[in-house]
Amino acid sequence: MSEVALLQLIGLGVIGTGILILLFIQSRFPRVIGFVMIVLGTFSLVALSVPQMASLPPAEEKFDVASIKTANDMAVIGQKIFFSKGQCALCHSIGPSESARCPDLKGIGAKLSREFIYESLTQPQAYIYLDYRHEGPPKDYPARMPHINRNPIGLSNNEILSVIAFLQQMSGEPITVSPSEIAMPGQPVSVTAPARAPALPSPAKSKTKGKTKKADAGEAGLVAMVVHGR
Amino acid sequence: MRNHDASHGRVLRRLNVWGLSIAGLALLAGLLGLPVSGWAEDAAGASATVSYRDIPQLGGSRNIIWVVAQLHLLLAGFVLGVPIFAWLCEIVGWKAGEKRYDKLAKEFTKLLTSSYATTALFGGILLFLLIGFYPKLMTYLTDIFFPSFLVYCALFLLETVTLYLYWYGWDVMLEGRVKVFHLFLGFLLNVFAFFIMIIPNSWATFQASPVVIAEGSSLARAWAATWNPTWWPVNVHRLIANVVLGGFICGAYAGVRYLSAKSAEEREHYDWMGYVGNFIGVFGMLPLPFAGYWLMREVYQYNQQMGITLMGGFLSWLFILQAMLIGVLFLGANYYFWLGITYRIPGAEMKYKRPIMAMLVILLLCLGVWMTPHSLVASLEEARKLGGTHHPLLGVFGVMSAKMTVANLMILVTFMSFIMYWRAGKEETATWAKVAKALMGGLFGVAAIVIIVLGVWGYFVPAIVRINYFSVAQVLIVLFVLLTVTPLTALLMKTARTTTEMVWGRMPPRAGYALVLNAVMVILLMTLMGYARSSSRVHWHIYGVMRDSSPYAYSPALGYAAVFMSLNTFIFCMLVAFIFWVATMGDKGHAKDAGHGGALPAMAGGSQSLDQSKSS
């Protein structure tokens, strides 16, 4: 007997019991219980008569280092991380969107260098707006972007590099992240030297105060680098 | 020596009591500790890395949590709805000088003491089970929301103190300035209750619509997570729904007592109580669909995929069931109004027979449209004959434009029933009465026409225009009618002459069953929408953030879920009946001792002085 048939049988049993109570018991309270049983049994039967569809979870994606052979493999994994563990799509869109709460990332791989993206993900306060909406010296206007390599998101260095590969590929740019940069399990995180000079910050980020910032190599997985703002 | 023995006896008794208490606590701890004991199956060996625990022998962790969480939520809705209901009744009684409203308010406030304990008990069980079954999720949520946990605890203390003062101070704060202070206590009770409701709402809504938590103090992080996109829509929706639940449960209680009433006084009293409960339930029910619409809009705004899962995905049939339940609720509420007009107001039956029939037909037609599915599950052959999965004729009723239109029309019709009942048996004496009545008639007519026109027009415009402008306009029109006609009628009735006195206690037994049916529908609706909200997260504990990787990550089919909803509804009804029974038990004894001998209804929390003043 299928599960639905069994549940239908139970529903019919509940309705039958309710009818028997109404037929043979005169005391008011049990009669009300019988009435409620008929209502609930009927509801269950109606719900069992509509198409029964369960929502099964998709297979869980694993970051399998061994499977990465090419930069494209990294981009495929990066895309999955972008829409799942990385939580990027919670706020960012790829292309215009009314519901996006943070900047549209379409073409971001063409606008920013990999180092700049890396820094934006791991040190979101490195380049920040200044708030002039008050008297006196301007104040920092902190970015709403979380540190993506810390809890609760906590992407690993490998995962961050894969996301960068995805952002570059999605923007039609050549992927500058190499599979050789991926750390194998147990292997210490490699120190990734900038492949090329940092690109100029995008116009949106150019309204920043001059700041020399030393990245935490252990945390960010990059060599210490000097960022020249205005 | 005797003293010595007595002292020994006291000590032994005390020890006995302590022993029993400790044994009880140990038993409770043992039961609650099952998940963490050897019986429970760890997902992994070391406790630090355990993500899930389970008790498959008891139906599985998900099903256990489902029942306990649902019961806790329903009880919480009840204990938050009842103070609103009681406070409103107390204000009416105070302003109108009608003691029976005050008595009714007290009768329901008495329930709070026992129902708070039951709700807290289920809350405690739920918390232990959550910590046991979902340690990883709970650690994550605790990390984010810990400051609000503390606020929640503080609010509970404040709420408890206020409830004690409100309940135990009732009889000493009956008149004058102290009565105003008592009303203020009732207000405070509701304010604390409101915050007690919205704090856990933030935890639940964060799971459905999380925001990214940036760096900052723990307070800043908790606040950022609390202020998530669906928090306020859910707060408003639940607040109104709690009023509806409180009203209809009051009605159901009155219905059951009315059915088993043995004297004319009891019948009169419980008939009147049923009327008040139904009135408050309907009063809350009218704006509820608007709050629901806002919530769905925010869900779509937040994540279109989640909206589609709800409205067009595997949960789409759920909304057909929702339409059925709401339809029955609307019919039940209207039917009760119509019975009231027919039986309580002698001579009104013939006068209102035709409008009642017309309203019944409109309601049934609207319900038919609302319940029309968007697409049909058909075989290939059937689909070929239909020319697709949409029925060529009925398919047009399956879309949101039609459903929004009929939902608004049903609200209008119910409001008309309410106004009709209000005006029945009275004759307006104001000089401007004719103009006011014509204006009200015109408002209803124009509103209905505009709603239908916008509904039809909605088929020919892009969805975004319909959602952002047409549907909003329909809602605003109905709200305008509600907010215009209600004060106008109140003004008219202020000077109206009563032509036929309302006679209480003459309703047929089916009126009592209609009240019970309404309450069951509201409870079922709450359980149904609980399943919808939970299932809309699909395989995520926290949508897009923390994946459910347990064996229960799937959302069960509607039929299976409906059986659980029915079970939860039944258990909740029995719990509420038990709470009512316990609360009235002592009063029955008092009534007998006082020699009333059942002449007066046994009132939960009924003041003897009030009873006596009524009997004299």
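Chain B splits into two pieces under the domain assignment: domain 1 (53–336 + 517–577) and domain 2 (347–499). Keep in mind that this is a predicted model. Taken over C-alpha atoms, the centres of domain 1 of chain B and domain 2 of chain B sit 28 Å apart.

So much for the layout; now the contacts inside chain B. Here 15 residues of domain 1 of chain B meet 18 residues of domain 2 of chain B. On the domain 1 side, α9 (288–302) and α11 (316–344) of chain B each put in at least two residues.

Next, the partner chain. Contacts between the chains involve 44 residues of chain B and 35 residues of chain A. On the chain B side, two or more residues come from each of α7 (231–259), α9, α11, α17 (509–535) and α18 (558–593) of chain B. Which element gives the largest share of the side of chain B that touches chain A? That's α18(B), with nine residues.

| Chain B, touching chain A | 31 residues | 11 residues | two residues |

Two helices turn up in both places: α9 and α11 of chain B each supply at least two residues to the domain 1 side that touches domain 2, and both are also listed for the side of chain B that touches chain A.

Methods: Residues numbered from 1 in each chain as written. Chains lettered and ligands numbered in written order. Predicted model: local features only at pLDDT ≥ 70, side-chain atom pairs only at ≥ 80, totals over all residues. Domains from an automatic or database assignment. Contact = placed C-beta atoms within 7 Å. Helix = DSSP H or I, 4+ residues; strand = E, 2+ residues; numbered from the N terminus. Nonpolar A, V, L, I, M, F, W, Y, C, P; charged D, E, K, R; others polar.
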